[in-house]
Amino acid sequence: MGKQSVEYQSIKKQKLYAIPIFFADKQLMMSIQSITLIFIFCTLSQAQNNSKMENQALPCQVIYQIDVNVISKRPDKTHIPAYKFALLNICPEREGEIQRPVISITWQGKKYFKEFERVQVFDNEQVAKTYAEINNIPMANFKDNPDSVEYVESLRESGVLPQDLRQDLVVLEIEKNLPQTWELVQTDAQKNESPQKFSLKAKFKVWELNENKINAPINPNTPAQELARLKKYGQEIYPQITFSLHQPWRAEELKAVAMVQGNIGDSPLTRFYRNTQYYGLKLLNYNGLEDAFHSVSYLAKQTTTYQIYEIIRDILEPKTILGKAQNAKMGACLVGDDKEVYFIEQWAEWEDKYLDKRLIIKGLQIVKNQSNNQPLRNEKGEYNAGAQGVLKYLVKVELPQVRTNPSLVVVFKKEILEKTTQQWMNETGYYFYSGADSSKGKVYHSKTGQKYHIIFPNEAEKTQFLNKYQASPQIYEIYEPNWNLFKD
C-alpha cells in the first residue's frame, strides 16, 4: 500500500472495510523484527460529487431553508417567519426517541422525511453556497424543486485553481505548521487527474530501498554503511505524503469513525489514519517512511515522513475544552476555564439552550493571527479575541451528548409549575433539555412532574450537583438514566 494509490470500489455495498498491513518503525523504538499490525480503514469509492451519481446514501448534513425565527420577540407575539439557509444534521442522536421538527428531502429522485437539528444559520444564500462549495455539503435547489438537495460545484471535485485549496482552514493550519524543508504542493498532473489531490513534499531527497524485513536479522551496519548500502541498491526519492479531500460522511461512517484518543495497543499512526479521514483527508500514497518493507536513510537534521505524520496528528487530535458558552461580536465562543477564548468557526451565535451554560466540547483547534490587536472585551462586555492578536477557533465541533457525557435526570414534584422548573434548571448553569429515559414507567411518570436531562462537563461537577440539589424541596428525585431498561 505504501507505494500505490488506494482506490476503493465498494460504493454499492456502502460499507467500511479494514485493510491489514504490517508496519515496523524504528522511530517508534521497535526492533526490526517486531511487527505492528495497523488497520487503515478504507472509505467508499471517491465518487464524483454531482447530481448524476446514483445509489449514493443521503449524507448526514444538508443545507436547507427553514424558519429560524421560532420564537417571536414582537410585543403582540405574532410570529413572522424568518426563512434562512441553515446547515442541518439529519442523522441526530436518538432519532425517533424525542420530538424534533421534520423536513422532506428529495435525494436522487427519492423522497425522505428526516428529523433534523440545526447546526448553524447562514446570513444569506451566497454565504450558504460558499460553505456548501468548500465543505461539499448538499444544498437545496429552490428554483426547480423546493425540497430537492444536491451537491453544488465543489472545491473538492471541480477543476478550480490549486490555490483555492487553501481556503480550507485545516489545510492552511497543516501548511502553516510544516517545517521549512517541507511544502504543500499540487502539481498539474494531480489537478488534471483529480482536483482535490495535494501532497506534502520534502524539498530534499533521501535514499529508499524496497525490501522485506519481517524475518530479517538485526541490521549490524553503521549509519554510514547503511547509507552506502541504500545508495547501491535503492533509489533516490523525495519524501512525500499525498492526500485527497474526502466526501461528506454518511451515517454508517459517522458511527464507525470518530475523533478518538486511541485504544490500548494503538500506535500514533493508527489514530492518525482515523482522525485524518474523519476530518476529510484520505491517504493516497507516501514515500520515505521506514517500515517492514522499506529502508530509508535520513540525515540527522532532516524531518522524516513519520515526523510530518506526527505534526498532522497533533493538529487533528481533538482538543477538549471546558468552559462557558458566550456570544461575542465575532460569533459564538467558549470562554474556557483556562481563561482562553475559543471561537466556534462559522457560528454566529449559540442557541438559547446552550448560551451561558457550562459545556465540554471537542474540536480541531485552528489559530489565526489578527491584523491588529484588540482588547479581550469591548465596551459592551463582548468577547473579541484572544491575547496578543491571536484568534483560536474550534472546527468540527462536537457538542455534549447525553449518552456520552455525564448526565442526570432531574424530576420535579407534580405540583411545581413548568415555568418554575424551567427557571430552576436555567439557574443551574448547565445544558439541559426536557425529557427522561424509559427506565421508570408510566405510573412513575404520572405521579411526578416535569423531567429534564441535564449534562455535565465532568463527573466531579455531576457529583457536586447531586449533593447540592437532591434534597431540594421542589425535587421529587434526581437519578442517573439507564438507557438499557425500557418499561411500559
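Reader: How many bridges join strand β18 to β19, and do the strands run parallel or antiparallel?

Author: Strands (E, at least two residues) are DSSP runs, numbered from the N terminus, and two strands pair if DSSP finds at least two bridges between them. Here, β18 (residues 331–336) and β19 run antiparallel and are joined by three bridges. Within this pair, Cys 333 stands opposite Phe 343 of β19. The model is predicted, so local features need pLDDT of at least 70, side-chain atom pairs count only at pLDDT 80 or more, and totals for chains, interfaces and linings use all residues. Residues are numbered from 1 along each chain as its sequence is written, and side-chain values use heavy atoms, with hydrogens and water left out.

Reader: Which residue takes a positive phi in the hairpin of β18 and β19?

Author: Lys 339 does, with phi near 75 degrees; four residues lie between the two strands of this hairpin.

Reader: Which strand is joined to β19 in a parallel manner?

Author: Strand β21 (residues 390–398) runs parallel to β19, with three bridges between them. Leu 394 in β21 is the bridge partner of Ile 344.

Reader: Are the residues on the two faces of β19 buried or exposed?

Author: In a regular strand, side chains alternate between the two faces of the sheet. Buried means under 20% relative accessible area, exposed over 50%, and partly exposed in between (1.4 Å probe, protein chains only). In β19 (residues 341–344), Val 341 and Phe 343 on one side are buried, as are Tyr 342 and Ile 344 on the other.
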